[in-house]
Amino acid sequence: MTVWKPTVLTRVLLGLAIFVSAFPLYWMLVIASRTNADAVASPPKFLPGGNLGDNIVRVLTHPEAQFLLGLTNSFIVASVVTVSVILISTLAGFAFANLNFKGRNALLLLVLLTMAVPLQQMGVVPLYRLMVSLEWTNTLKAVILPYLLNGFGVFLMTQYTRQSVPMELVEAARVDGAATLRIWWNVVLPAVRPGMAVLGINTFMLMWNDYMWPLIVLNQENPTVQIAINGLNARFSTEYSLIFAGTALSIIPLVLVFVLFGRQIVGGLMEGAVKA
Amino acid sequence: MSLDTLPRASRNTHRRDRPPGRRWRSRLDVKAMPYFLVSPYFILFAAFGLFPLAFTLYYSLYDYDLTGTTEWAGLGNYTALLGDDDFWRATVNTVAMFVIATVPQMLLALFLANALNKHMRFRLPIRMSVLLPLVTSVVAVAVVFTQLFARDWGLVNYLLGLVGVENTNWRAERIPSWIAIATMVDWRWTGYNAIIFLAGMQTIPKDLYEAASIDGASRRRQFWQITLPMLRPTMIFVVLNSTIGGLTLFSEPMTFYNGNPDGGSQGQFQTVAMFVYKEAFREFDYGYASAAAWLLFLLILIGAAINFLFVRRIGGTR
């Protein structure tokens with residue numbers, strides 16, 4: 001077997017890629033820990049200063065941004081949606097991968113087609129009018145509901161289940177007298193755990209980062225974290241040290257998830273991602 | 001192996017002894033359960049997918065004004081849009097930013113994936129660090145890059161100044177603003193696409209490369225003649241994904257202008273998604289916005305089709 005050692009050029013390229021990936025995050029910390037005067041100084045200051053604690057306190061107590069509420073709301077929204085998407089996707093994925101029923105291929109094709117429609121952009125107007133007529137604007141329900149389904153999730157879990165749960169296993173469980181839901185719980189779910197992890201992390205990140213839809217249905221009094229960052233943006237003066245402290249706070253949960261599950265993300269993306 | 005065939009067989013006979021009620025229930029389970037399992041997706045899709053799509057079409061055929069009065073417009077919104085300079089400018093902006101962002105992104109991701117595919121120490125941490133930008137929120141990215149691209153004291157202008165380039169007003173001019181926004185998109189997604197490409201590369205059988213080596217093919221040649229063509233399914237997936245994401249670009253250009261959907265003083269970086277948002281939620285012209293949303297969908301279909309044909313050719317008959 002040919003073992004490819006990286007050339008010097010490859011090493012330089014990789015080093016550069018890692019530097020470029022990390023620098024804006026480092027820069028976020030630098031500005032977040034300085035005063036606003038430092039943030040706009042020329043030449044720029046490249047080392048962190050000592051104001052991080054101050055800035056964070058100012059973010060959390062900012063009267064208009066409602067930052068703590070934003071963090072809590074985002075956490076609720078992202079968790080509910082993640083659980084729902086995992087549930088719907090593993091159920092449907094199991095059916096599509098392991099069960100025989102009339103119209104299976106047609107329905108799966110329909111799921112694939114729906115993946116190509118950017119629902120949240122296409123349907124904003126009627127979805128917004130629906131939330132208005134239900135008097136659900138400015139509530140978390142309005143943010144959560146349109147995201148409960150995810151075609152990509154169904155597709156991903158179908159692929160995963162097909163790879164990791166052989167038909168014989170399902171047949172054997174059936175012969176043993178297990179009902180379908182029981183097979184899903186006892187046989188399928190344990191086998192597709194890595195896929196669930198990737199889908200879960202992905203969905204959580206997506207929801208945590210969502211911007212357009214919360215901007216439409218929520219106001220500044222009941223924001224998600226991204227809308228709260230918007231609230232830090234004063235109309236006339238842009239105070240970068242404050243905004244950067246807010247953005248730094250806003251990515252802590254994601255960085256945590258990444259540190260804890262990073263191995264799974266890389267492995268999972270690589271395992272199940274594409275065999276279209 | 002032979003051990004567990006025995007109890008299973010006995011359990012099997014067990015099942016036949018069951019009372020008819022349970023047998024009936026298990027038949028129902030086999031027949032009906034699959035539909036029950038896929039139904040949550042389709043029910044929710046009907047409510048939050050099909051319903052909005054149909055109503056967007058319906059709204060697009062009406063004229064709405066600020067007071068809420070509606071009037072049948074037929075295809076009026078569509079013809080008005082096709083004659084609307086603002087809409088065309090937004091379309092050009094969107095397509096231009098998409099091209100500026102995607103072409104270098106795909107090339108970088110490919111070469112990065114190729115580099116990550118080598119044997120080296122610290123392979124996992126290196127692969128993980130390339131994904132780091134993905135965990136950063138879009139708004140955070142946009143905020144940081146807006147500061148980096150500031151005119152008077154931004155780091156980018158400072159560094160360009162060191163090599164003698166004059167200060168660029170990244171936000172005021174059309175092409176510089178496209179470049180700045182494309183940079184944000186690329187920073188966030190290049191590593192992610194590289195990891196997906198890497199996944200595709202690892203499914204390519206090793207013996208293909210061995211045979212090529214024996215035939216004396218250089219590594220560069222192997223990349224062009226084996227890796228690229230074998231990567232085609234992955235590429236189709238990645239390119240279609242980026243097409244949908246790129247043509248619905250919203251958060252980055254919004255944040256680049258302090259959360260304002262105008263996209264700069266002359267709309268120099270307003271995208272179609274921002275145009276839809278502005279028409280619907282600032283002008284309250286729901287009909288016009290809905291028609292624009294359908295045209296955006298059409299744009300995505302066209303973009304996807306072009307890219308699909310293009311990628312099919314890339315790895316094709318070389």
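Two exercises with worked solutions follow.

The structure is a predicted model, in which local features need pLDDT of at least 70, side-chain atom pairs count only at pLDDT 80 or more, and totals for chains, interfaces and linings use all residues. Residues are numbered from 1 along each chain as its sequence is written, chains are lettered from A and ligands numbered from 1 in the order in which they are written, and side-chain values use heavy atoms, with hydrogens and water left out.

**Exercise 1.** Describe the overall form of chain B.

Step 1. Chain B contains 14 helices and two strands (DSSP runs: helices are H or I of at least four residues, strands are E of at least two, numbered from the N terminus).

Step 2. Its radius of gyration is 27 Å, well over the 20 Å given by the globule rule for 318 residues, so chain B is more spread out than a compact globule. The radius is taken over C-alpha atoms, and the rule is 2.2 Å times the number of residues to the power 0.38.

Step 3. The C-alpha trace of chain B spans about 80 × 65 × 40 Å along its principal axes.

**Exercise 2.** Determine the setting of A:N98.

Step 1. A:N98 lies in helix α4 (residues 67-98) of chain A.

Step 2. The residue A:N98 has 3% relative accessibility and therefore counts as buried (under 20% relative accessible area, with a 1.4 Å probe and protein chains only).

Step 3. The side chain of A:N98 reaches the backbone oxygen of A:V165 at 3.2 Å.

Step 4. Leaving aside residues up to four places away in sequence, A:N98 touches A:T161, A:V165, A:P166, A:M167 and A:V170 (contact means heavy atoms within 4.5 Å).

Technical notes
Buried means under 20% relative accessible area, exposed over 50%, partly exposed in between (1.4 Å probe, protein chains only). A polar contact is a pair of N or O atoms within 3.5 Å; within protein, one must be able to donate a hydrogen and the other to accept it, and residues adjacent in sequence count only if both atoms are side-chain atoms.
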